[in-house]
Amino acid sequence: MKRLILVRHGKSSWENNLPDDKRPLKKRAYNDAEVVLKTFKEFQSGNLTLWSSPAVRANTTANLFKDELQIPDDRFTVKKELYTFDENQLLSVINTCPNNVEKLMVFGHNPAMTGLVNRLGDKPIDNLPTTGLCVIDFDLDSWKDIKTGKTLLQLFPKNLR
C-alpha cells in the first residue's frame with residue numbers, strides 16, 4: 001500500500017521584483033497552513049517522508065508541515081526536479097521514491113499538482129488551491145507502478161475556515 005499526499009505551496013507574494021523561485025509566502029499562507037494542518041493531523045498517522053521543490057514558497061510551506069508534524073530531518077528532502085509545472089515530470093519524480101517509503105508527501109506547483117490529483121485520484125477537482133492538500137491511496141507495493149488510486153481526503157483552506 002502506498003499513500004501519496006500532494007500539497008500545493010502556500011499563497012506567495014508578488015510584492016518584490018524577485019525571480020519566480022525566490023518569491024516568499026504571504027502572511028495568509030501561514031494561516032492557511034495552520035488550518036489545513038489542524039485537520040490533517042487528525043487524519044495522519046505513521047511515518048511520513050516529505051519531498052519539496054526548492055522554490056522558496058514550496059520549501060517554506062514544506063517546513064511549516066515538517067515542524068508541525070515533527071518530521072525528522074532524515075525524512076525531509078528538497079529535490080530540484082520538483083520545481084516543475086508539468087504533471088508528467090512531477091509523476092516521474094514520484095516514481096523514483098524508494099519502495100520502503102509507504103507515505104510520501106510532496107510539496108510543489110500548479111498546474112502539475114492539480115493535473116496529478118486528477119490523473120491519479122478518483123475525485124476530480126477544478127483546481128488544487130494554494131496550501132490545498134490531497135491524499136491518494138494506491139493498492140500497490142511500488143511507486144513506479146502508481147496509476148489510479150483512491151482519493152481519501154481533500155483539504156482546502158477556504159473550506160476549513
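**A friendly note on Asn-127 and its surroundings**

1. Let's start with a detail: the side chains of Asn-127 and Asn-110 are joined by a polar contact of 2.8 Å. A polar contact here is a pair of N or O atoms within 3.5 Å; within protein, one must be able to donate a hydrogen and the other to accept it, and residues adjacent in sequence count only if both atoms are side-chain atoms.

2. A word on the source: this is a predicted model, in which local features need pLDDT of at least 70 and side-chain atom pairs count only at pLDDT 80 or more, while totals for chains, interfaces and linings use all residues. Residues are numbered from 1 along each chain as its sequence is written, and side-chain values use heavy atoms, with hydrogens and water left out.

3. Where does Asn-127 sit? Look in the loop between helix H4 (112-120) and strand E5 (133-138); helices (H or I, at least four residues) and strands (E, at least two) are DSSP runs, numbered from the N terminus. Asn-127 is partly exposed, at a relative accessible area of 38%. On this scale, buried means under 20% relative accessible area, exposed over 50%, and partly exposed in between (1.4 Å probe, protein chains only).

4. Leaving aside neighbours within four places in sequence, Asn-127 is in contact (heavy atoms within 4.5 Å) with Arg-8, Asn-110, Thr-114 and Phe-156. Lys-22, by comparison, lies 105 residues from Asn-127 in sequence and 23 Å from it in space, C-alpha to C-alpha.

5. Thr-114 also belongs to the buried residues of H4, together with Ala-112, Met-113, Gly-115, Leu-116, Val-117 and Leu-120.

6. Stepping back, the protein chain has five helices and six strands, arranged along the sequence as β-α-β-α-β-α-β-α-β-β-α. Its radius of gyration, taken over C-alpha atoms, is 14 Å, close to the 15 Å from the globule rule for 161 residues, so the chain is as compact as a globular protein of that length. That rule is 2.2 Å times the number of residues to the power 0.38.

7. Finally, 50% of the 161 residues of the protein chain count as buried. Of the contacts between residues at least 6 apart in sequence, 74% join residues at least 24 apart.
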